[in-house]
Amino acid sequence: MPLNKQLKLKIHESLAAVLPVSLIVLALCAFVVPVDLSTLCLFLAGAALLILGMGFFTLGADMAMMPIGELVGTHLTRTRKLWLILAGCFLIGVLVTVAEPDLAVLARQTPAVPDRVLILTVAAGVGLFLVLSFLRILLGWSLPVMLIVFYLLVFILTRFVPSAFLAVAFDSGGVTTGPITVPFIMALGLGLTAVRSDKNAEGDSFGLVALCSIGPVLSVLILGMIYRSGDASYTPLSVSAIEDTRALLAAFGAAAPEYAKEVALALGPILAFFLVFQVLFFRLRRRALAKILVGILYTFLGLTLFLTGVNVGFMPAGNELGRRLAGLPLRWLIVPVGMLIGYFLVKAEPAVLVLNKQVEEITGGAISQKVMMAGLSIGMAASVGLSMVRVLTGAPLLWFLLPGYALALALSFFVPRIFTAVAFDSGGVASGPMTATFLLPFAMGACEAVGGNILTDAFGVVAMVAMIPLITIQIIGLVYQFKTRHAAGESAPAQEADDVLELDAGPEEDVQ
């Protein structure tokens, strides 16, 4: 398919993803909680940039990010030098995380710790857990067991960490796996599985995002135990007055270079890795090389447009909408409204589209994009609803996270392995830039309106968004497993059902 047709298709898909949440916000602004005209103009212009940005980004990820990650992973394993593979994994994890736009967005909104300290701490956690992820692939370690061990450690450490760090730590795990990190890490996992030849290798390529989401939580919790911050205060978000179209264009034009720089820093390490490997190992033909370079350009343009749109347009709208909804006499209305927004908002997360497509391809359609999106949308709605309950009541974050993760980890022993890995990957992917730039300001505005504590009550919404999909996707796995066993007959062994789901029993048509 020609590039212009592919781009039109991607933009059409992004329009379908962004339009519902945009219409919901417009309806709320028109009939429920009128907002300033400046905020509404910024939101509409941001939505247009968001649609274009998602189109360019998803095409660029298909053309460049996924192939580069898989090629790097494959050639790293071919060296057969364990120390070199582990060092490469750690370095890749650190570099792509340092420049992850989602993390920069969260750091700017977090008063408890300086931006650079938080970013470097999170990057070290991702690098370390990317190394552990490769060792899991190499040695065939059980993902559920690793998840239980590390989450148990996480919740033990929460007993020794100041409350100002607690929500930030869990939020860090969610935003780390964003639009730059996810495509590269998932494709890297596919390449790393080349070191194994057994039938479960391909399924084990999932789970990298899940483990890399734990690293930042642990590292920030440890930071909270040793770092003494000053008085952390929240500065309310201010919106510049938009008097005419020139002022509107100026607002986005002034921010675009900053986000273009962030994206360039994000893509720079990946491009450098690719060029070094191209000279030393890949030696791709000119046409293949040109396609990847064009894909990187599309990724750069797409993420620049996307981040400019969501930061300049969506963040002020989310904050004011949350503040006004929570200020209504029927303030509990914010719970169902938040759930409705969350249900559609996840469809606009760029990394979600990448994950869903790769899950469908790897499983040969056993887990379709439609099923994945339904599970994530339901999970997102539940996450936002519970987050709004927490904002209104001031309930501690651990009251929700402890039982939620306990249930998710318990389910991992009853569902097919592929569903557990995909579920824990989905949690990190669902909590992307849309969550950081719309839902988090939405929660902050609501918390400000009810007089709550921003640091303890509003922060944590990203963590909630990252947790609930772990449950919903695994429940889908239980339903799928039941239907598979029922279709195969009650006498079919359990392992056979796993094999069908993991594409190990035979041809693709057997899966479907």
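**Buried contacts, cores and cavities of a helical chain**

Phe 129 touches Phe 150, Leu 211, Cys 212, Ile 214, Gly 215 and Leu 218, not counting residues up to four places away in sequence (contact: heavy atoms within 4.5 Å). The model is predicted: local features need pLDDT of at least 70, side-chain atom pairs count only at pLDDT 80 or more, and totals for chains, interfaces and linings use all residues. Residues are numbered from 1 along each chain as its sequence is written, and side-chain values use heavy atoms, leaving out hydrogens and water. Phe 129 belongs to helix α5, residues 115–139 (helices are DSSP runs of H or I, at least four residues, and strands runs of E, at least two, numbered from the N terminus). Phe 129 counts as buried because its relative accessibility is 4% (buried, under 20% relative accessible area; exposed, over 50%; partly exposed, in between; 1.4 Å probe, protein chains only). Phe 90 is 39 residues away from Phe 129 along the chain, and their C-alpha atoms are separated by 8.1 Å.

The chain as a whole was examined next. Its secondary structure comes to 21 helices and zero strands. Of its 512 residues, 59% are buried. Among contacts with a separation of 6 or more, 86% join residues 24 or more positions apart. The chain exposes about 19,900 Å², and carbon and sulfur atoms supply 66% of that area (Shrake-Rupley method, 1.4 Å probe; for residues, only the protein chains shown count as cover).

The largest nonpolar core holds 158 residues (a core: buried Ala, Val, Leu, Ile, Met, Phe, Trp, Tyr and Cys joined through side-chain atoms within 4.5 Å). Phe 170, Leu 321 and Ile 341 touch the most other members. Helix α2, residues 37–78, gives the most to this core, with 13 residues. Apart from this core lies another, of five residues, including Leu 7, Phe 56, Met 63 and Tyr 298. Beyond four places in sequence, Phe 170 touches Val 154, Phe 155, Thr 158, Val 217, Leu 397, Leu 398, Leu 401 and Ala 463.

The structure holds four cavities of 30 Å³ or more (on a 1 Å grid over the protein atoms alone, a cavity is a set of points where a 1.4 Å probe fits but cannot get out; a pocket is an open set with protein on both sides within 12 Å along at least five of seven lines; lining residues have an atom within 4 Å of a point). The largest cavity has a volume of about 120 Å³ (the space filled by probe spheres set on the points, which are joined across faces, edges and corners). Its lining counts 14 residues; Tyr 151, Gly 173, Ser 213, Tyr 405 and Ala 466 lie nearest the centre. Helices α7 (163–176), α9 (208–226), α16 (417–430) and α19 (461–488) each supply at least two lining residues. The lining of this cavity has nine nonpolar residues, five polar and no charged (nonpolar: Ala, Val, Leu, Ile, Met, Phe, Trp, Tyr, Cys and Pro; charged: Asp, Glu, Lys and Arg; polar: the others, Gly among them).

Helix α19 also carries Gln 474. Gln 474 counts as buried because its relative accessibility is 0%. Beyond four places in sequence, Gln 474 touches Ala 408, Leu 411, Ser 412, Val 415, Phe 419, Thr 420, Ala 423 and Phe 424.

The second largest pocket has a volume of about 320 Å³. It is lined by 14 residues, and Glu 13, Leu 353, Asn 356, Gln 369 and Met 373 lie nearest its centre. Helices α1 (3–31), α2, α13 (350–362) and α14 (369–393) each supply at least two lining residues. Helix α1 gives the most, with five. The lining of this pocket divides into five nonpolar, four polar and five charged residues.

Helix α1 also contains Ala 17. With a relative accessible area of 7%, Ala 17 is buried. Not counting residues up to four places away in sequence, Ala 17 touches Met 54, Phe 344, Lys 347 and Ala 348.

Ala 348 sits in the loop between α12 (334–345) and α13. Ala 348 is buried, with a relative accessible area of 0%. Beyond four places in sequence, Ala 348 touches Ala 17, Val 18, Met 54, Phe 306 and Met 434. Ala 348 and Met 434 are 86 residues apart in sequence and 7.2 Å apart in space, C-alpha to C-alpha.
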